[in-house]
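I am opening a notebook on this structure and will write down what I look up, one topic at a time. I start with charged pairs and leave the overall layout for later.

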Amino acid sequence: LSARAASPRTPDRASRGVPDRRDDASSGSPTSPVRARTRSPKIRLAANPNAPRAPPERFRLAAMAEEAKGDDVADALDAGAAATEDASKQFANIRMATILSGEKNPRGIPYVAFVESVEETLATTTDGTVEKLIGAMNELHQKMKILEGHKERTKISMKQKIPEIARTLQLVKHLKAKHDADETFKSHYSLSEMLYGRAEVTPDGTVCLWLGANVMVEYPYDEAIDILELSLKNAKTRRDICDADLDMIRDQVITVEVNMARVFNYDVKRRKAEGGKKEIEA
């Protein structure tokens, strides 16, 4: 059967004398004990698009911090090498200072002394054994290679940032020119990867720049141009410094490897000579 008969053990509500409240609620009777719930419509106030908006607190704080440190960044750029990180702390715990020449570049990277005589180098060091000398050179070699990889990554990062900053600077200058001429222009903007939309841009005298850490700050055109020019100068300075440091580090790595080879050869000759003496005495 497609339908089941009503069970005599479960009579319906009408047979038991219980009023069906569902019918009252659906009919809208005022005497119904169950009231239908209705949702009040939400009222949304349309914001005036022309009204000035106050920037959030974090944006204003970021802008104040950016303006406050502008002079410091300029001074650092004028100092040249002082604009980048100091690497002298990485070489502060070298066990034997005699393997270094004592000279450093402006970033604190030490120059390696060429070992002309292994015997003299061992004689001028405390507890001068071949094993400790090779251990110190191996430690220096590892630190140089780590620093080389860090400089390589920084150089790649700067090479990627420089074209982006240059394009952004060009765009802001274009906006300023259109704003001064009181003109609008059409542009394509990215909606997602490989998808662009067309819009008509009306310059209003301000532009938003990403400062990093998910913070965007609104600047006038002149201030935005100054910040971008400073960032571009900083990126180019760091790129040039990384190039100079990489050349210097590679030279020091070669010097350390040559020194290690000389120490190894000296130790092999010394052991052979001691073995020959023992055989003669025997």
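Entry 1, salt bridges. I looked up the salt bridges in this predicted model, and the structure holds 15 of them. I noted the pair Asp245 and Lys151, whose closest N and O atoms are 3.0 Å apart. Asp245 sits in helix 6 and Lys151 in helix 5, so this pair ties together parts that are 94 residues apart in sequence.

I found Arg250 in a salt bridge with Glu152, with 2.4 Å between the closest N and O atoms. Arg250 belongs to helix 6 and Glu152 to helix 5, so the pair ties together parts that are 98 residues apart in sequence. Arg250 is partly exposed, at 33% relative accessibility, and Glu152 is also listed as partly exposed, with a relative accessible area of 27%.

Entry 3, a pair inside one helix. Arg270 forms a salt bridge with Asp267, and their closest N and O atoms are 2.5 Å apart. Because the two are three residues apart in helix 6, Arg270 and Asp267 are separated by about one helical turn. I recorded Arg270 as partly exposed at 27% relative accessibility, whereas Asp267, at 10%, counts as buried. I also noted that Glu131, Asp267, Arg270 and Arg271 are linked in a network of salt bridges.

Which residues does His141 touch beyond its neighbours within four places in sequence? I found contacts with Val253, Val256 and Glu257. His141 itself lies in helix 5, which covers residues 130–180, and His141 counts as buried because its relative accessibility is 16%, under the 20% limit. Gly149 is in helix 5 too, and at 22% relative accessibility Gly149 counts as partly exposed. I looked up the separation of Gly149 from Leu246, 97 residues away along the chain, and their C-alpha atoms are 9.2 Å apart.

On the surface I found a nonpolar patch formed by Phe114, Ile254 and Val258, with about 270 Å² of accessible area together. Val258 lies in helix 6, which spans residues 221–281, and Val258 is partly exposed, with a relative accessible area of 36%.

Entry 6, a strand pair. Strand 5 (residues 206–212) and strand 6 (residues 215–220) run antiparallel and are joined by six bridges. Val207 stands opposite Tyr219 of strand 6. The hairpin of these strands has two residues between them, and Ala213 there takes a positive phi near 55 degrees.

How many disulfides does a search of the whole structure find? The search finds zero. I looked at the cover of Cys208, which is partly exposed with a relative accessible area of 42%, and of Cys242, which counts as buried at 3% relative accessibility.

I counted six helices and six strands, and along the sequence they follow the pattern α-α-α-β-β-α-α-β-β-β-β-α. Of the 282 residues, 27% are buried. The accessible surface comes to about 20600 Å², and 52% of that belongs to carbon and sulfur atoms. Among contacts with a separation of 6 or more, 61% are between residues 24 or more positions apart.

Key. Residues are numbered from 1 along each chain as its sequence is written. This is a predicted model: local features need pLDDT of at least 70, side-chain atom pairs count only at pLDDT 80 or more; totals for chains, interfaces and linings use all residues. Side-chain values use heavy atoms; hydrogens and water are left out. A disulfide is a pair of cysteine sulfur atoms within 2.5 Å. Buried means under 20% relative accessible area, exposed over 50%, partly exposed in between (1.4 Å probe, protein chains only). Helices (H or I, at least four residues) and strands (E, at least two) are DSSP runs, numbered from the N terminus. Contact means heavy atoms within 4.5 Å. Two strands pair if DSSP finds at least two bridges between them. Patches are made of residues with over 30% relative accessible area and no salt bridge: like charges are joined within 9 Å, nonpolar side chains (Val, Leu, Ile, Met, Phe, Trp, Tyr) within 5 Å. Accessible areas come from the Shrake-Rupley method with a 1.4 Å probe; for residues, only the protein chains shown count as cover. A salt bridge is a side-chain nitrogen of Lys or Arg within 4 Å of a carboxyl oxygen of Asp or Glu.
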